[in-house]
Amino acid sequence: MFRWGVLSTAKIGREHLLPAMVEAENGVLSAIASRDLSKARALADRFGAPHAFGSYDELLASKEVDGVYIPLPTAQHVEWTAKAIEAGKHVLVEKPLALDAKDIPPLIKLRDAKNVLVCEAFMVVYHPQWIKVRELIANGAIGRLRHVQGAFSYYNVDPKNMRNQLDLGGGALPDIGVYPTVSTRFSTGKEPLRVQATIERDKTFGTDIYSSIRADFGDFELSFYLSTQMAARQVMVFHGEKGFIEVLSPFNAGIYDHHRIELHNQNHSEAQVFRFPGMQQYRLEVEAFARAAQGGTDRVFTLEESVLNQKVIDAIFRAGEKEGWETV
C-alpha cells in the first residue's frame, strides 16, 4: 500500500483528497503535518492517520511516508515540492504548481536526479468523462473541431481567503483559469499558438477577478471567461462541423452537476448522453498516482505537461497588458 503524507490541513485536502486517500484501494493515509501540531493531530484522528507532525520538515523526514500531497498556498508550491523531492518523496502538488513556467524545469531536473514521481494535481484528466470527450473528438464524432467555449466562475470576496491574497498566489487565472486550458489541451492533443485577453483586477485585493480569453490553436479557437466575483457557473462546449459536445459539470463533476456529457448531432435533432455515475475523480487521481509511483504504467499528468499549461497562463497575463495577440 502506498503511504501518503499531507502537508497542511487545507480545505481542499480535508474535503476531497484525504477522503480519496482513505477510500483508495492501493493507498493509506499515513501522516498529516501542520505548523500547529494540535490541528495535525485532530485531522489525523478524524481520518485515521497514525502519524501527526508539528512541522512539514518532520513529515518529509519520516520513514512512514512514501509520497506527499501538497495543498499549501500556491506561492509555496515550488519551494515545498523541491524540499519533498530532495527528501526522496513522490509528490502530488495542488494546482497551479507554479506562478511562472520557468520555475518548473528545475523541478524536472531534481525529479530526474532523485528518481521520484512528481505531478500537478489536475484531477480532471483522470475522470472518464474527459477521457470520453477526447475519444469522441479523435474518432470524428463532431467532425472537424472549429471552436471550444468555456466558463468557470464563483463568488468569493473573503479577504482572508488565499484566492484573494496576491502574495499567496491568489486570483482567478491561477486558481481556475488552468482548467479550461488543461481540459482543452487534454481533449484535443493540441497546443495554443497565441492568446488575447482582457483582465480586470480587484481594486482592494489586487488579484485578477475577471478575464475574457481567446486562444488560437491553429485548427480551432478556444474562448472562455473566468471570474471569482460572479455567480457560480462552469461549462465546456466542443463545437465541430458535424455536431458538438457539451460537458455539463466539467471541473467539479458530481458536485456542481451530474457526471455527464452530451453529444449533439449536426441539426440539433438528437443527442446522445453519456453518464458516469459514482465516479470519484480525486480517488481515481490518487490511485493512478500511487500505481505510477510504484512502477505502473498509468497515464499521469507530467511536469513536462505542467510547463506547457503554465506557459499558456503566463501568456494570458502578458496579453492582458497589451492590445492584440501574445505568442504562447
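Helices here are DSSP runs of H or I with at least four residues, strands are runs of E with at least two, and both are numbered from the N terminus. On that count the protein has nine helices and 15 strands.

Some ground rules. This is a predicted model, where local features need pLDDT of at least 70 and side-chain atom pairs pLDDT 80 or more, while totals for chains, interfaces and linings use all residues. Residues are numbered from 1 along each chain as its sequence is written, and side-chain values use heavy atoms, without hydrogens and water.

Overall dimensions next. The C-alpha trace spans about 60 × 45 × 40 Å along its principal axes. The radius of gyration, taken over C-alpha atoms, is 20 Å, which agrees with the value near 20 Å for a compact globule of 328 residues; that rule is 2.2 Å times the number of residues to the power 0.38.

Of the 328 residues, 56% are buried, meaning under 20% relative accessible area with a 1.4 Å probe, protein chains only. Taking contact as heavy atoms within 4.5 Å, residues 24 or more positions apart account for 66% of the contacts with a separation of 6 or more.

Where does serine 249 sit? Its place is the loop between β12 (243-247) and β13 (260-265). Serine 249 counts as buried because its relative accessibility is 0%. Its side chain reaches the backbone nitrogen of alanine 253 at 3.4 Å. Leaving aside neighbours within four places in sequence, serine 249 is in contact with Gln129, Gln234, Gly254, Tyr256, Asp257 and His258.

Key
Buried < 20%, exposed > 50% of the residue type's maximum accessible area, 1.4 Å probe, protein only. Polar contact = N/O pair within 3.5 Å; in protein donor to acceptor, adjacent residues only side chain to side chain.
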